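Please open the structure in your viewer and keep the selection tool at hand. The tour below goes from one selection to the next.

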Amino acid sequence: MNTTIYQPEWETMSQDALALLQLARLKKTLSHAISNCQFHRERFQEAQIQPGDLTSLDDLKRLPSMGKEDIRQAYPTALLCESPTLLREMHMSSGSTGSPIAMLYTQGDLDQWAVCMARCYSMAGGRPSDPVQITPSFGLFNGGFGMYHGARALGLLVIPTGAGNTARQIKLARDFGTKILTGVVSYGIRIMEELQALGGTLPQLTYGIFGAEAFSENMKNQLEKGLNIEAFNIYGMTETGGVGTLGQDCPDHSGIHVWEDHYLVEVCDRESGERLPDGKEGELYVTSLTRSAMPVIRFRTGDLTRVLSRQRCACGRTHIRIAPIIGRVDDMLIVKGINFFPTQVEQALMEIPGVKPNYQIIIEERQGVKDVRINVEAESTVTGFTVAKHLKERLGFSPKGDVFTPGSLPRQEGKATRVFYKILD
Ligand code: ADP
Ligand code: ZN
């Protein structure tokens with residue numbers, strides 16, 4: 001297996017040692033948050049619990065949780081736990097589900113981010129001096145800078161193209177022998193399509209690191225085939241410090257390894273908040289263990305996953321593996337009594353030979369009754385009937401919809417919007 005472990009002493013430590021480390025770091029984080037931030041202090045007072053009361057990691061469930069709303073309301077600095085003189089960078093979320101949130105970093109937080117990201121590159125197969133093309137924008141969105149900090153830590157050759165100008169991206173990848181391509185999943189698709197349209201290949205390109213949005217296994221397979229790469233699923237969010245902070249899958253592709261020496265994760269029931277047994281699907285809660293400017297404590301991410309394994313992986317790492325995120329809690333669609341996630345539609349669509357990776361799910365509402373229309377790009381051999389029949393088999397309902405010629409559905413910069421709502425009268 002072509003994986004070099006960036007920090008073997010941390011990434012392969014025994015689960016017992018990891019648990020002890022997590023408990024010590026958890027107590028330190030809690031004391032730090034309570035001493036320096038009124039928000040955290042009040043929450044702990046309300047819950048009548050002190051860091052010293054924790055005797056095991058199981059006690060975590062007694063701590064109050066926090067949600068995106070708390071972070072939004074705290075904008076810009078009410079969750080700050082460090083002196084403003086120690087701050088060195090700030091970023092914001094893309095605002096997919098509401099007004100964006102802001103994250104501030106000390107030098108220590110930036111170093112922690114760089115280490116997590118360097119582990120991800122290394123896990124994918126990146127080696128010092130490998131050219132990495134960073135396609136997320138370099139700005140408020142955390143993607144570009146996070147990938148930059150990690151690439152510098154590992155010693156990669158940074159090609160900081162940022163977003164857009166796809167033809168130039170391909171030219172630069174060819175001219176400078178890009179070996180690792182990074183970006184938002186839908187931009188990976190855009191590059192693949194452009195490459196196919198232009199003809200030719202990117203012979204040096206070996207690995208793709210994609211994230212920022214939920215994507216199906218079949219979409220990943222399309223990217224691997226179309227770009228002739230091995231693709232990795234990288235996970236992180238602004239609230240935890242940005243791209244790569246939570247982790248990525250390894251070459252065993254048996255789930256996303258979460259960097260457990262830096263983050264404690266729990267999967268909880270969406271409604272009751274009760275912790276779920278391993279294997280059960282629920283909402284991921286994250287507690288940061290090593291961040292100082294804006295730590296999060298039992299942060300309800302809104303992302304749905306399940307614990308796949310806590311055993312040592314074939315790659316040698318001991319850190320927990322969770323399933324690829326299937327979507328956010330509020331991504332679930334209910335049409336005619338059937339519940340489904342956009343990634344399930346995507347997974348089913350990508351199974352149909354000739355279907356291309358661009359589609360729209362349109363929820364049409366007429367006098368309170370919802371119906372779903374699925375438009376997809378495909379080769380001329382694919383008919384609307386084929387699509388509807390396959391979706392009926394896989395999802396249990398037959399949506400309306402049209403088949404479009406490749407390239408004709410609109411595309412967006414950044415994270416793709418797949419679901420649209422239309423009120424019809
Ligand atoms: P937002 O999109 O919520 O405004 P961010 O830009 O910080 O905020 O993006 C973080 C969110 O993006 C995560 O909570 C998750 O929903 C999604 N995300 C990030 N990486 C992945 C991934 N690899 N798979 C699925 N979803 C992801
Ligand atoms: Zn592994």
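A residue is called buried if its relative accessible area is under 20%, exposed if over 50% and partly exposed in between, with a 1.4 Å probe and protein chains only. This is a predicted model, in which local features need pLDDT of at least 70 and side-chain atom pairs count only at pLDDT 80 or more, while totals for chains, interfaces and linings use all residues. Residues are numbered from 1 along each chain as its sequence is written, and side-chain values use heavy atoms, with hydrogens and water left out.

Select F145 to begin: this residue is partly exposed, because its relative accessibility is 27%. Rings of Phe, Tyr and Trp (its six-membered ring) pair if their centres lie within 6.5 Å, and the planes count as stacked under 30 degrees apart, as edge-to-face over 60 and as tilted for the rest. The ring centres of F138 and F145 are 5.5 Å apart with the planes at 75°, so this pair is edge-to-face. Now include Y148, which forms one aromatic cluster with F138 and F145.

Next, select Y105 and W113, both of which are buried; their rings form a stacked pair, with 4.9 Å from centre to centre and 15° between the planes.

Finally, go to L18, which lies in helix α2, residues 15–36 (helices, H or I, of at least four residues, and strands, E, of at least two, are DSSP runs numbered from the N terminus). L18 is buried, because its relative accessible area is 0%.

Technical notes: Chains are lettered from A and ligands numbered from 1 in the order in which they are written.
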